[in-house]
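I opened my notebook to look up a few things in this model.

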Amino acid sequence: MSDLYRSAISARASKLPQSPPLQHSANTKHVGEECKEDDDIIGDLPGSGLGPPAMQRVPNPDFAPISASGFFQEALQVDIPDRKLDCRLYYTPPKFKDGTVMVCHHGAGYSGLSFACFAKEVTEMTKGECGILSLDARRHGKTTSTNEDGGDLSIEVLVADFCAIMQTVFKLPEFAPTLLLIGHSMGGSVVVRSCPKLLDAKYRIAGVAVLDVVEGTKILLNARPDGFDSMEEAIEWHVSTNTILNVLSARVSIPSIIQFKEGAIPPYQWRTTLRSTAPYWLSWFKGLSTNFLSTRAARLLVLAGTDRLDKELMIGQMQGKFQQTVVPGVGHMLHEDDPTRIAEILVEFWKRNERVLVGVKKVGEL
């Protein structure tokens, strides 16, 4: 993972229905129906003066954006004053007060809505017993920063952000739900390094799950267009290039990573360009395998292919230091490509480890 785990990919958000704020969130603002979130809406049709050029290809309705309202119960804006962040969260709380919440951190360029279809599957499979919280990291999705240095994506900054979000949303560890940390690509690095800090702060961590390790970032960067003529075209590009294999998931998640910029050519631009994240790749993935193997909680690695393992992880896997699952027929965005199978794997992991806290036993000993 340390040498091979060099990844970065892309994301965007939708209006969710009004409902009460989180129980322990003093700095939480609910995103209600009164908030139209116009920049989440497709630009006007050609001829209005606001939309794409008249010569554009007609948008394909099969790739029209879909609201995230059917996938999460709440959309929240959480103010993190110490981090100078206004953070977007998507949340479906657990049915029971002392339940477990799967906390999801997306990969580079994507957003919390990359876990939308997965979240719905988990809610249905567990009949609401397991909650889901998915966030937009800084410089991604609907999270904004008031700091001039808000664009810093180094691992230390992302970890501090993540821990601050958890401590804001779930203020008192003794009353917080058990947390199961899930990270995709860059997000895997964040949750692995955040786990010991949250444990030291007395939060209960049932386990840490890392989704995929990937090579080929340079190929991906060269293949990406600068922008699109419509939101439908952006969604279609992700599906037609097999970046995301699941059309439904792409229609929910991609609008959160693309924004309309009046006067730009093409007018629909990436919210977070992968090339701009390149200076941070080394900080994300250097030493990640060692940190993962030393995590004081149950450990799960879900891969799209066995060639993603470095030597350290191969040895650790043979020694039974973590649970590993390889999912066939998916790409790097495995939680979007096959959300049902990934949900099955994570729900099984949750059931196995929900009562095992602070690394009492290794996964292989359960």
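**Entry 1: Helix 1 and its surroundings**

I started with what the buried residues of helix 1 touch. They pack against strand 4 (100–105), strand 5, strand 7 (178–184), helix 6 (247–253), helix 10 (334–337) and helix 11 (339–353). I note here that the model is predicted.

Which residues of helix 1 are buried? I found Ala116, Cys117, Phe118, Ala119 and Val122, in a helix that spans residues 116–125. After helix 1 comes Lys127, and its phi is positive, near 55 degrees.

I also checked Lys120. Its charged end sits over the ring of Phe71, 5.3 Å from the ring centre.

**Entry 2: The whole chain**

Next I stepped back. I counted eleven helices and 13 strands in the chain. The chain has 366 residues, and 58% of them are buried.

Then I looked at contacts between residues at least 6 apart in sequence. Of these, 76% join residues at least 24 apart.

**Entry 3: The nonpolar cores**

I looked up the largest nonpolar core. It holds 52 residues, and Leu181, Ile205 and Trp284 touch the most other members. Which helix gives the most to this core? It is helix 2 (residues 155–169), with nine residues.

**Entry 4: Aromatic pairs**

I searched the whole structure for aromatic pairs and got nine. I wrote down two of them in detail.

The first entry is Phe72 with Tyr90. Their ring centres are 5.6 Å apart and their planes make 40 degrees, so I logged the pair as tilted. A stacked pair would need planes under 30 degrees apart, and an edge-to-face pair over 60.

Where do the two residues lie? Phe72 is in the loop between strand 1 (28–30) and strand 2 (74–80), while Tyr90 is in strand 3 (residues 85–92). The pair therefore ties together parts that are 18 residues apart in sequence.

Are these two buried or exposed? Phe72 is buried, at 3% relative accessible area. Tyr90 is buried too, at 0%.

The next entry is Phe228 with Trp270. This pair is edge-to-face, with 5.4 Å from centre to centre and 70 degrees between the planes. Phe228 belongs to strand 9 (residues 227–228) and Trp270 to strand 11 (residues 268–270), so the pair links parts 42 residues apart in sequence.

Phe228 is buried, with 1% relative accessibility. Trp270 is buried as well, with 6%. I found that Phe228 and Trp270 form one aromatic cluster with Trp237. Trp270 has a charged neighbour: Arg224 lies over its face, at 3.4 Å from the ring centre.

**Entry 5: Strand 3 and its partners**

Tyr90 sent me back to strand 3. How many residues of this strand are buried? Seven of its eight are, so I can call strand 3 mostly covered under the 20% limit for buried residues.

I listed its partners in turn.

- Strand 2 pairs with strand 3 in the antiparallel sense, over seven bridges. Gln77 stands opposite Arg88 in strand 3.
- Strand 5 (residues 130–135) pairs with strand 3 over four bridges, also antiparallel. Tyr91 has Leu133 in strand 5 as its bridge partner.
- Strand 6 (residues 144–145) is joined to strand 3 by two bridges, and the two run antiparallel. Leu85 stands opposite Ser145 in strand 6.

The hairpin of strand 2 and strand 3 has four residues between the strands. In this hairpin, Lys84 takes a positive phi near 55 degrees.

Last, I went back to the strands of Phe228 and Trp270. I found an open sheet of three strands in the order 9-11-10, with antiparallel pairing. Which strands stand at the edges? They are strand 9 and strand 10 (258–260). Each has a single partner strand, so one side of each is left without a neighbour in the sheet.

Strand 9 and strand 11 run antiparallel and are joined by two bridges. Gly227 has Gln269 in strand 11 as its bridge partner.

Note on methods: Residues are numbered from 1 along each chain as its sequence is written. This is a predicted model: local features need pLDDT of at least 70, side-chain atom pairs count only at pLDDT 80 or more; totals for chains, interfaces and linings use all residues. Side-chain values use heavy atoms; hydrogens and water are left out. Rings of Phe, Tyr and Trp (its six-membered ring) pair if their centres lie within 6.5 Å; planes under 30 degrees apart count as stacked, over 60 as edge-to-face and the rest as tilted. Buried means under 20% relative accessible area, exposed over 50%, partly exposed in between (1.4 Å probe, protein chains only). A charge sits over a ring if NZ of Lys or CZ of Arg is within 6 Å of the ring centre and within 35 degrees of the ring normal. Two strands pair if DSSP finds at least two bridges between them. Contact means heavy atoms within 4.5 Å. A nonpolar core is a set of buried Ala, Val, Leu, Ile, Met, Phe, Trp, Tyr and Cys residues joined through side-chain atoms within 4.5 Å.
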